[in-house]
Amino acid sequence: MKSIAILGSTGSIGRSALAVVDAHPDRLSVAGLAAGTSAARLAEQASRYRPAVVSMASPEALADLERHGLPEATVAGSGPVGLTAVATHPAADIVLCASSGTAALEAALAAIDAGKTIALANKEVLVMAGGLMMDAARRRGVSILPVDSEHNAIHQCLDRRPPAEVARLLLTASGGPFRDWPAERLQGVTPEQALRHPTWSMGPKITVDSATLMNKGLEVIEARWLFDVPPDRIDVVIHPQSIVHSLVELRDGSVLAQLGVTDMRLPIQYAFSYPERWGAPLPGLDLARCGALTFGEPDHGRFPCLGLAYGALSGGPGLPVVLNAANEVAVAAFLEGRLPFPGIAAVIEEVLDAGAAGPAAAPDSLAGVRELDRWARERGAAEVAGIQSSGSIRRGIL
Ligand code: MG
């Protein structure tokens, strides 16, 4: 029996993880649940799965949760303290990091220190502190198992193969809803259009990231840390059908791929069951009904975010932190109607340039990461305000 703590239990990944628990009641139990602000949903989950510990993002959300009559002993608190208490609870064997954004950074590191196996769905954690996380995991002898479908596919293809046999990692990308749109049309993209992903159903931030291809950029950075492969050996290939989840090219030119239905329960279950394989209550992949599987190159001109991510990764250890923070600020502004779609890349590019010119030295501690993150968010907000007041973007594709 493995016991799971879920950071982000009421989100899309968290709910899929609980569906995996439902499918394997004899193998999986729930040790802890941490949620953001969805008190009613967390209360429902807690009464169903009886975790040893729960937490929420804020004291207000926690008060809301307590109104639902949870036993006091199970409530760990709120904010980073509550999140860390759930992530390090002695009852947990595996910690699924599935909260969005960067709130779970400290909790994820604390879980590693506590010797927990990490199932990682939150790519921001590695983008911000990949070096710190991987060092800590190596020191503690802890596995970080990727839940992100592409990295999960690569983990399956690598199958403990020695690094010297691996030539290249190939991350597939659906290309998002605007894959075939001309550049002029991208200027008028609305949040509603960006939130309509063709193949995956996900939260709003990652769906916008998929539309800009920043999601793939963050995944390149994530892959660099998870698999210890330099960026010039990580490629992105556009594959609109999202059936091939990613590929690994070996030194003899042979390419291994992992295919499957587009359902996050599969990679989540793989991380929970690893190194075993369990049955899954999902329809198998019917290749004959998939039709043609197509592959193409990403268009860096229309989707500059991918190139910005590669640039940040090779430009200096602090720049991925800057990239991630500027992207979060820009995406939030876009979703609130304060920034046009091409403005997202423009804001990130400006903040990266400013960061490269000074503040983005290598952060060697979480405090340093947080400080750089704060600087980039402020700078990003100023860039958004500048674009808003001038009504124009200085650079980018406009
Ligand atoms: Mg992914």
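## Pro59 and helix α3

Pro59 sits in helix α3, which covers residues 59-66. In this predicted model, Pro59 is exposed, because its relative accessible area is 53% and the cut-off for exposed is over 50%.

## Ala43 in helix α2

Now for Ala43, which belongs to helix α2 (residues 39-49). Is Ala43 buried or exposed? With 10% relative accessibility, Ala43 counts as buried, since anything under 20% falls in that class.

Leaving aside residues up to four places away in sequence, Ala43 touches Leu65 and His68.

## The magnesium site

Which residues hold the magnesium ion? Asp148 coordinates through OD, while Glu150 and Glu219 each use OE, at 2.0 to 2.2 Å. Read along the chain, the donors follow the spacing D-x1-E-x68-E.

As for accessibility, Asp148 counts as buried because its relative accessibility is 9%. Glu150 is buried too, with a relative accessible area of 8%.

## Helices α5 and α6

Helix α5 (residues 105-113) and helix α6 (residues 123-140) have axes that come within 9 Å and cross at roughly 10°. That angle is why α5 counts as roughly parallel to α6; the class takes in angles under 35 degrees.

On the α5 side, the residues that meet α6 are Leu105, Ala108, Leu109, Ile112 and Asp113. Their partners in α6 are Val125, Met128, Ala129, Leu132, Met133, Ala136, Ala137 and Arg140. Sort the residues of this contact by type and you get eleven nonpolar, two charged and no polar.

## Helices α1 and α12

Another helix pair to look at is α1 (residues 12-23) with α12 (residues 265-273). Their axes come within 9 Å and cross at roughly 60°, and the crossing is right-handed.

Who makes the contact? From α1 come Ile13, Ser16, Ala17, Ala19 and Val20, and α12 brings in Arg265, Ile268, Gln269 and Phe272. By type, the residues of the contact of α1 with α12 split into six nonpolar, two polar and one charged.

Conventions:
Residues numbered from 1 in each chain as written. Predicted model: local features only at pLDDT ≥ 70, side-chain atom pairs only at ≥ 80, totals over all residues. Heavy atoms only, no water. Axes fitted to C-alpha atoms, helices over the stretch in contact; angles between N-to-C directions. Helix = DSSP H or I, 4+ residues; strand = E, 2+ residues; numbered from the N terminus. Parallel < 35°, antiparallel > 145°, perpendicular 65-115°, else oblique. Contact = heavy atoms within 4.5 Å. Nonpolar A, V, L, I, M, F, W, Y, C, P; charged D, E, K, R; others polar. Donors = N, O, S within 2.8 Å, 3.2 Å for Na, K, Ca; no water. Buried < 20%, exposed > 50% of the residue type's maximum accessible area, 1.4 Å probe, protein only. Left-handed = near helix turned anticlockwise from the far one by under 90°.
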